[in-house]
Amino acid sequence: MNTKDGATAPMRIRTDLAICEQCDSVHQRGPLAAGEAADCRVCGATLYRRSRLDVDAMLALTLGALIVFVLANVAPIVTMQSGGITTRAWLLTIVVRAWDHGVGPVAAIAAGTVFLFPLAQLTLYLFVLRAVKRPTRSPGFVEAMHWLRWLRPWSMVEVFLIGILVSIIKMSSLARVTAEAGLWGFGVLTILLTALSTFELRELWDAHDD
Ligand SMILES: [Zn+2]
């Protein structure tokens, strides 16, 4: 949109409207109770829903997930015993070893999806949730929300977890493999990240705009 002096005016986003993804009909948004969903009047598809979690619950969940993230990375994932030699493996030692063995791309993908992206996602959640709780608008909120939306699909701890479990089963014929605290930590982290992903980001936009 161009104003008289040629400067570009910021586009106003109509946050009070909801468009049905199935039939393109436009609806006026209404308030929902926790756990409720709004359906399209035309075709019955779900338009939007409100999470069962409120901002305080999200904040507690995020802090819990950050603590579990640190513990899961500090503790070893597995212990292997073969021929009298005991080897412990941590997430980051696995990544470094994969890099040293010439599978750089795999190591980089693992480091991103299991370590960097979940850490960035949790840090951004912490930032935007604290911003929502402040009475004034926080600088950087919009950018943080965009990054969060971009990062959410890239945090794939569960894929790593399945990979490790398959490796344990395969290696169990060659060595005695024991699951360690780090593996349980990643299991708990998967559950916490899944719970966080049920929260719709637009609820944070709404909470910040109020
Ligand atoms: Zn519809």
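**Cores and overall form of the predicted model**

Phe-186 is in contact (heavy atoms within 4.5 Å) with Ala-72, Asn-73, Ile-77, Leu-91, Val-114, Val-157, Phe-160 and Leu-161, residues up to four places away in sequence being left out. The model is predicted, and local features need pLDDT of at least 70, side-chain atom pairs count only at pLDDT 80 or more, and totals for chains, interfaces and linings use all residues. Residues are numbered from 1 along each chain as its sequence is written, and side-chain values use heavy atoms, without hydrogens and water.

Phe-186 belongs to the largest nonpolar core, which has 47 residues. A nonpolar core is a set of buried Ala, Val, Leu, Ile, Met, Phe, Trp, Tyr and Cys residues joined through side-chain atoms within 4.5 Å; buried means under 20% relative accessible area, with a 1.4 Å probe and protein chains only. Ile-77, Leu-91, Leu-122, Leu-189 and Leu-204 are, with Phe-186, the residues with the most contacts inside this core. Elements supplying at least two residues each include β5 (78-82), α1 (55-74) and α6 (181-197), while α3 gives the most, with 11 residues. A second, separate core has eight residues, among them Ala-18, Ala-38, Cys-40 and Leu-47.

Seven helices and seven strands are present in the protein, as DSSP runs (helices H or I, at least four residues; strands E, at least two) numbered from the N terminus. Of the 210 residues, 37% are buried. The radius of gyration, taken over C-alpha atoms, is 22 Å, whereas a compact globule of 210 residues would have a value near 17 Å, by the rule of 2.2 Å times the number of residues to the power 0.38.

How values were computed:
Buried means under 20% relative accessible area, exposed over 50%, partly exposed in between (1.4 Å probe, protein chains only).
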